[in-house]
Amino acid sequence: MSIARFTSPAISTIRRGVLLRAAPPAVAPGGKKDTSIGGDSRNELIKRVLFDSNPRRTTELSEDEKKRQEIIDMAWNLVQKKQHEKRLSELEAKYKSMRAANVELENTNERLFKQAQLKDKHITFPKKLRTLTDTPPLTGWNYNASA
């Protein structure tokens, strides 16, 4: 079985060409041409496993199994819908809380409210974020330090 069954002909030709052109065929001790890449037989095994594997065969489901599968799919969709609605309600609650805090800040201190609403145009998110580092300091150990 060739790779052409799984991919388009252009891709399969490219992949096959890359595999076969990676190294010139080596000559085995018996005088036979070794078709594996670089003369290593493991590469031939890898090529067979990757490109010559049989596709999965699907079995036809009975009517009862089809109904059972349909019920499972509907239940799963219902679970996902509930999770989505729960997430949306949590986000809505967070937004309402943020708006209430903004209104409270505006009523309490106008200057702080205006400062909180300003956006810094020069600093973008990745530059603000400081990555965690676990490296020794540049100065090293101070051996002359007294206790």
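Visitor: With which side chain does the side chain of Asn102 make a polar contact?
Guide: The partner is the side chain of Gln117, at 3.1 Å; a polar contact is a pair of N or O atoms within 3.5 Å, one able to donate a hydrogen and the other to accept it. This is a predicted model, where local features need pLDDT of at least 70 and side-chain atom pairs count only at pLDDT 80 or more. Residues are numbered from 1 along each chain, and side-chain values use heavy atoms, without hydrogens and water.
Visitor: Is Asn102 buried or exposed?
Guide: Asn102 counts as buried because its relative accessibility is 19%, and buried means under 20%.
Visitor: And where is Asn102 placed?
Guide: Asn102 belongs to helix H3; helices are DSSP runs (H or I) of at least four residues.
Visitor: How do H3 and H4 pack?
Guide: Helix H3 (residues 63-108) and helix H4 (residues 110-117) meet at an angle of about 135 degrees, their axes 6 Å apart. H3 is therefore oblique to H4, as angles under 35 degrees count as roughly parallel, over 145 as roughly antiparallel, 65 to 115 as roughly perpendicular and the rest as oblique.
Visitor: Which residues make the contact?
Guide: H3 contributes Asn102, Leu105, Glu106 and Thr108, and H4 contributes Glu110, Leu112, Phe113, Ala116 and Gln117; contact means heavy atoms within 4.5 Å.

Key
Axes fitted to C-alpha atoms, helices over the stretch in contact; angles between N-to-C directions. Helix = DSSP H or I, 4+ residues; strand = E, 2+ residues; numbered from the N terminus. Buried < 20%, exposed > 50% of the residue type's maximum accessible area, 1.4 Å probe, protein only.
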